[in-house]
Amino acid sequence: MTNVTTFRQKKRRAEPISMVTCYDAWSARILNDTDIDSLLVGDSLAVVMHGFDSTVHATVDMMAMHVAAVARGAPDKFIIADMPFLSCSKGIKVALDAVQVLMQAGAHAVKIEGADHQLDVIGRIVEAGVPVMGHLGLTPQSIHKLGGHRIQGRDDAGGEKIIKDAKVLAAAGCFAIVLECVPSLLGERVSRSIEVPTIGIGAGPGTDGQVLVLHDLLGTDPSFSPTFLRRYADGHTFITDAVQAFHQDVTQGAFPALKESFQ
Ligand code: KIV
């Protein structure tokens with residue numbers, strides 16, 4: 001199984017790290033049969049699985065239920081769980097309680113958005129023996145402050161701030177950092193500035209690894225097509241065709257056949 005040590009080794013050997021989101025046991029079982037390096041139980045599950053309009057709606061209980069399902073389905077994979085909205089902003093005890101719930105549900109590490117205001121809590125979690133992944137650039141839990149899903153670090157000051165934050169997170173003990181929606185050149189500069197691996201999403205080819213939301217790479221939502229997304233399947237057509245075919249067979253009396261029935 002991949003772990004924090006292999007993350008570091010992969011960066012040293014310039015071997016790209018792959019990560020994909022996973023929220024449930026049935027997809028975890030499938031992903032367990034792939035070579036993917038790590039699974040992220042991202043708070044994006046609030047949007048993808050629960051239909052909310054932002055990750056602000058994810059809670060610790062919600063995250064824990066999905067982490068436990070993923071852990072049951074993918075026993076061989078390194079699982080990282082998002083610390084949900086405000087779980088790190090109400091003091092160390094609340095944060096450590098949330099970490100305990102997520103780790104006991106089956107996570108091997110947690111991910112925390114932001115830098116400045118999170119350093120104390122990151123330090124305490126790392127000190128407690130729990131690996132922490134940072135998250136910079138577009139941080140969806142702050143979507144209302146950022147004014148929407150915008151590319152971050154476009155100007156010099158913004159770019160320098162992200163580089164500085166990445167160094168600070170690495171010094172605080174983060175074992176890796178997600179870089180979301182930043183210009184490619186900045187993605188590469190951040191990755192060269194720190195020894196811990198960067199995992200990009202919309203951060204260009206110069207990061208040490210890449211992450212995508214599973215449902216996006218499977219093409220389940222044809223209306224979602226950001227520049228950074230490559231679809232590896234037409235999941236929407238695949239699923240609608242299969243269900244349409246089932247519907248037709250049922251309505252035309254073609255399912256079940258004799259061999260699909262108990263004699
Ligand atoms: O919640 C999530 O899925 C994430 C990825 C987009 C990195 O944080």
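A salt bridge is a side-chain nitrogen of Lys or Arg within 4 Å of a carboxyl oxygen of Asp or Glu. The structure open in the viewer is a predicted model, and by this rule the count comes to 10 salt bridges.

**Stop 1**

Select Lys10 and Glu15 to begin. Their side chains meet in a salt bridge, with a distance of 3.8 Å from N to O. Lys10 counts as buried because its relative accessibility is 15%, under the 20% limit for that class. Glu15, in contrast, is partly exposed, with a relative accessible area of 31%.

Arg13 is exposed, since its relative accessible area is 53% and the exposed class begins over 50%.

**Stop 2**

Next, select Lys11 and Asp208. These residues form a salt bridge whose closest N and O atoms are 2.8 Å apart. Lys11 lies in helix H1 (residues 4-12), whereas Asp208 belongs to the loop between strand S7 (198-201) and strand S8 (209-212), so the pair ties together parts that are 197 residues apart in sequence. Lys11 and Asp208 are both buried.

**Stop 3**

Select residues 38-41, which make up strand S2. Which residues of S2 are buried on each side? Ser38 and Leu40 are buried on one side, and Leu39 and Val41 on the other, so that both faces of the strand are covered. In a regular strand the side chains alternate between the two faces of the sheet.

Now show strand S1 (residues 17-21) as well. S1 and S2 pair in the parallel sense over 3 bridges, and Met19 has Ser38 in S2 as its bridge partner.

S2 pairs with S3 in the parallel sense, over 4 bridges. Within this pairing, Leu40 stands opposite Ile80 of S3.

**Stop 4**

Move to strand S5 (residues 132-137). How many of its residues are buried? The count is 6 of 6, and the strand is thus mostly covered.

Display strand S4 (residues 109-113) beside S5. The two run parallel and are joined by 4 bridges; the bridge partner of Ile112 in S5 is Gly134. Between these strands the chain crosses through helix H6 (residues 119-127), and the β-α-β crossover from S4 to S5 is right-handed.

S5 and S6 run parallel and are joined by 5 bridges. Keep Gly134 selected, for Gly134 stands opposite Ile177 in S6.

**Stop 2: backbone details**

- Select Leu86, in the loop between S3 and helix H5 (92-105). Its phi is near 70 degrees, a positive value in a residue other than glycine. With 39% relative accessibility, Leu86 counts as partly exposed.
- Select Cys181, in the loop between strand S6 (176-180) and helix H9 (184-193). Cys181 has a positive phi of about 50 degrees, although it is not a glycine. At 12% relative accessibility, Cys181 counts as buried.
- Select Phe255 and Pro256. The peptide bond from Phe255 to Pro256 is cis, with omega near 0 degrees. Pro256 lies in the segment after helix H11 (235-251).

**Stop 3: the two domains**

To finish, colour residues 4-232 as domain 1 and residues 234-263 as domain 2, the parts into which the protein is divided. The C-alpha centres of domain 1 and domain 2 lie 38 Å apart. Where the domains meet, 4 residues of domain 1 are in contact with 4 residues of domain 2.

The size of an interface is often given as the accessible area lost when the parts come together. Between domain 1 and domain 2 the buried area is about 280 Å², and carbon and sulfur atoms give 59% of it. How many salt bridges are there between domain 1 and domain 2? The count is 0.

Notes
Residues are numbered from 1 along each chain as its sequence is written. This is a predicted model: local features need pLDDT of at least 70, side-chain atom pairs count only at pLDDT 80 or more; totals for chains, interfaces and linings use all residues. Side-chain values use heavy atoms; hydrogens and water are left out. Buried means under 20% relative accessible area, exposed over 50%, partly exposed in between (1.4 Å probe, protein chains only). Two strands pair if DSSP finds at least two bridges between them. Domain bounds come from an automatic or database domain assignment. Contact means heavy atoms within 4.5 Å. Buried area is the accessible area (1.4 Å probe) that two parts lose on being put together, summed over both. A crossover is right-handed if, with the strands pointing away from the viewer, the path from the first strand over the helix to the second runs clockwise.
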